[in-house]
Amino acid sequence: MKPALLALAVAVAVVLGGYLIARGQSETWEVGGLYSILGAEGGFSVAKVLALDPGIVSIRIYKQRFPARPGTVEPSDLVVGTIHDGFGIGHIPVASSKFASWEPRLIRRSDVSESELDGYRCWKESGGGVFQ
């Protein structure tokens with residue numbers, strides 16, 4: 001590759017990488033990370049990364065909705081909820097590109113409990129699909 005073309009390719013990669021990171025779209029998500037994401041009906045939600053597989057981010061989405069992107073959350077205040085009081089999703093496997101489109105931004109790190117992984121384990125054992 002010619003030096004000028006190589007320099008151009010590196011410059012484009014650096015600019016694009018910086019743009020994606022600035023928008024919260026880095027694919028360096030962390031297991032246990034609590035992320036603010038764009039809400040399905042506007043506003044914002046909080047998702048927790050339960051597990052990472054190649055091209056797939058398994059997440060839990062909490063029932064709480066926020067009119068503005070939350071900068072902090074207390075993990076003990078987050079609940080999945082029920083059909084009677086509003087609800088999130090206990091486990092959903094999402095394509096990495098789809099998760100990135102929700103503009104995730106890390107709020108804080110937390111632990112993943114064994115019980116939070118029940119849905120993930122069932123999904124893995126059944127060879128379930130992925131939300132695209």
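## A tour by selection

Select Asp118 and Arg121: these residues form a salt bridge, with their closest N and O atoms 3.0 Å apart. A salt bridge here is a side-chain nitrogen of Lys or Arg within 4 Å of a carboxyl oxygen of Asp or Glu. This is a predicted model: local features need pLDDT of at least 70, side-chain atom pairs count only at pLDDT 80 or more, and totals for chains, interfaces and linings use all residues. Residues are numbered from 1 along each chain as its sequence is written, and side-chain values use heavy atoms, with hydrogens and water left out.

**Stop 1: helix 3**

Stay with the pair. Asp118 and Arg121 sit three residues apart in helix 3 (residues 118–126), so about one helical turn separates them. Helices (H or I, at least four residues) and strands (E, at least two) are DSSP runs, numbered from the N terminus. Buried means under 20% relative accessible area, exposed over 50%, and partly exposed in between (1.4 Å probe, protein chains only).

**Stop 2: the whole chain**

Zoom out and switch to cartoon. The protein chain has three helices and seven strands. From the N terminus on, the order of elements is α-β-β-β-β-β-β-α-β-α. Of its 132 residues, 37% are buried. The chain exposes about 7,800 Å², and carbon and sulfur atoms supply 61% of that. Such areas come from the Shrake-Rupley method with a 1.4 Å probe; for residues, only the protein chains shown count as cover.

**Stop 3**

Five of them make an open sheet in the order 6-3-2-1-7, with antiparallel pairing. Two strands pair if DSSP finds at least two bridges between them. At the edges are strand 6 (89–95) and strand 7 (105–109), each pairing on one side only. From one strand to the next, the twist averages 35 degrees. Axes are lines fitted to C-alpha atoms, for helices over the stretch in contact, and angles run from 0 to 180 degrees between N-to-C directions.

Now select residues 56–61. This is strand 3, joined to strand 6 by five bridges, and the two run antiparallel. Which residue of strand 6 is the bridge partner of Ile59? Select Ile92 to see that partner.

**Stop 3: two long-range pairs**

Select Glu103 and Arg69. Their side chains meet in a salt bridge (3.9 Å, N to O). Glu103 lies in the loop between helix 2 (96–101) and strand 7, and Arg69 in the loop between strand 3 and strand 4 (81–82), so the pair ties together parts 34 residues apart in sequence. Glu103 is buried, at 18% relative accessible area.

Move to Glu74 and Arg108. Their side chains also meet in a salt bridge (3.9 Å, N to O). Glu74 is in the loop between strand 3 and strand 4 and Arg108 in strand 7, 34 residues apart. Glu74 is partly exposed at 42%, and Arg108 is partly exposed at 33%.

**Stop 4: Gln64**

Finish at Gln64, in the loop between strand 3 and strand 4. Gln64 is buried, at 19% relative accessibility. Leaving aside neighbours within four places in sequence, Gln64 contacts Phe44, Ser45, Val46, Asp77, Leu78 and Val79. Contact means heavy atoms within 4.5 Å. Show the backbone too. A polar atom of the Gln64 side chain lies 2.9 Å from the backbone oxygen of Asp77. The backbone nitrogen of Val79 lies 3.3 Å from a polar atom of the Gln64 side chain.

How values were computed. A polar contact is a pair of N or O atoms within 3.5 Å; within protein, one must be able to donate a hydrogen and the other to accept it, and residues adjacent in sequence count only if both atoms are side-chain atoms.
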